[in-house]
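Let's take a walk through this structure together.

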Amino acid sequence: MHIAVYPGSFDPTTNGHLDIIKRAAKLCDKLIVAVLENPAKKPLFTVEERVTHLKEILKDYENVEVQSFSGLLVDFAKSVGSNIVVRGLRGVTDFSYEFQMALTNRSLDNEIETLFISADTQYLFFSSSQVKEIALFGGNIDNMVPQIIKEEINKKLKEKSY
Ligand code: COA
């Protein structure tokens, strides 16, 4: 059974992430979307909230599971019986970072393979931070995120009274 892990911060999940998830799910028996508690980033949503959003968005995808993790990705992958890491590539800027990460992960565990999926052209230009910034300044994020994420961002921005 081929189990793959698609890790990320998902703060929040964008349509770009969903595109990669849907395509990766077709390539394996089970895809685990792994939400990282990333101490390097100051998130808008808690890990629990990000997991809840993803579970709701992906509820109809039978071979996709959502879990959170902390610590090393290679350890998480091993703990769920996977040696395949999926990452999306939006262009050459992503490539140098992703290539370095893939090599680092292999140096930590030489059984790990990274599978790169090229992002669809319509999702090449934005990131989670940009989505949050556009929402903060009242811009339209309809084509960038699923409806539930749009609602949750607006709720969060009101709560934090930005
Ligand atoms: N479409 C749109 N945006 C995309 C995207 C896509 N297909 N793929 C990535 N992005 C964006 C994200 O929105 C995110 O934007 P942001 O920086 O504005 O928040 C950015 O690209 C990169 O984020 P993400 O894919 O979530 O990765 P990350 O850099 O936050 O985390 C991990 C990468 C989780 C894989 C990595 O940090 C990790 O493995 N950490 C665990 C610790 C570890 O094992 N370290 C050693 C290995 S390096």
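This is a predicted model: local features need pLDDT of at least 70, side-chain atom pairs count only at pLDDT 80 or more; totals for chains, interfaces and linings use all residues.

Residues are numbered from 1 along each chain as its sequence is written, and side-chain values use heavy atoms, leaving out hydrogens and water.

Back to the ligand. It has 23 residues around it, and S9, L73, Y97, S128 and S129 come nearest; a residue is near if one of its heavy atoms lies within 4 Å. The side chain of S128 has an N or O atom 2.6 Å from a ligand oxygen, and for the side chain of S129 that distance is 2.4 Å. The protein covers 84% of the 950 Å² of accessible area that the ligand has on its own, with areas from the Shrake-Rupley method and a 1.4 Å probe.

Now zoom out. The protein chain has six helices and five strands, both taken as DSSP runs numbered from the N terminus (helices: H or I, at least four residues; strands: E, at least two). Starting at the N terminus, the order is β-α-β-α-β-α-β-α-β-α-α. The radius of gyration, taken over C-alpha atoms, is 16 Å, close to the 15 Å from the globule rule for 162 residues, so the chain is as compact as a globular protein of that length. That rule is 2.2 Å times the number of residues to the power 0.38.

Next, find the sheet. It is open, with five strands in the order β3-β2-β1-β4-β5 and parallel pairing; strands pair if DSSP finds at least two bridges between them. The edges are β3 (64-69) and β5 (113-118), each pairing on one side only. From one strand to the next, the twist averages 30°. Strands β1 (residues 3-8) and β4 (residues 84-89) are joined by two bridges, and A4 has I84 in β4 as its bridge partner.

Helix α4 (residues 92-108) packs on this sheet, touching β4 and β5 and pointing at about 170° to β4. Contact here means heavy atoms within 4.5 Å, and angles, from 0 to 180 degrees, are between N-to-C directions of lines fitted to C-alpha atoms, for helices over the stretch in contact.

Finally, look at the loop between β1 and α1, where you'll find F10 and P12. F10 has a positive phi, near 50°, and a cis peptide bond joins D11 and P12. Most residues other than glycine have a negative phi, and most peptide bonds are trans.

Technical notes: A polar contact is a pair of N or O atoms within 3.5 Å; within protein, one must be able to donate a hydrogen and the other to accept it, and residues adjacent in sequence count only if both atoms are side-chain atoms.
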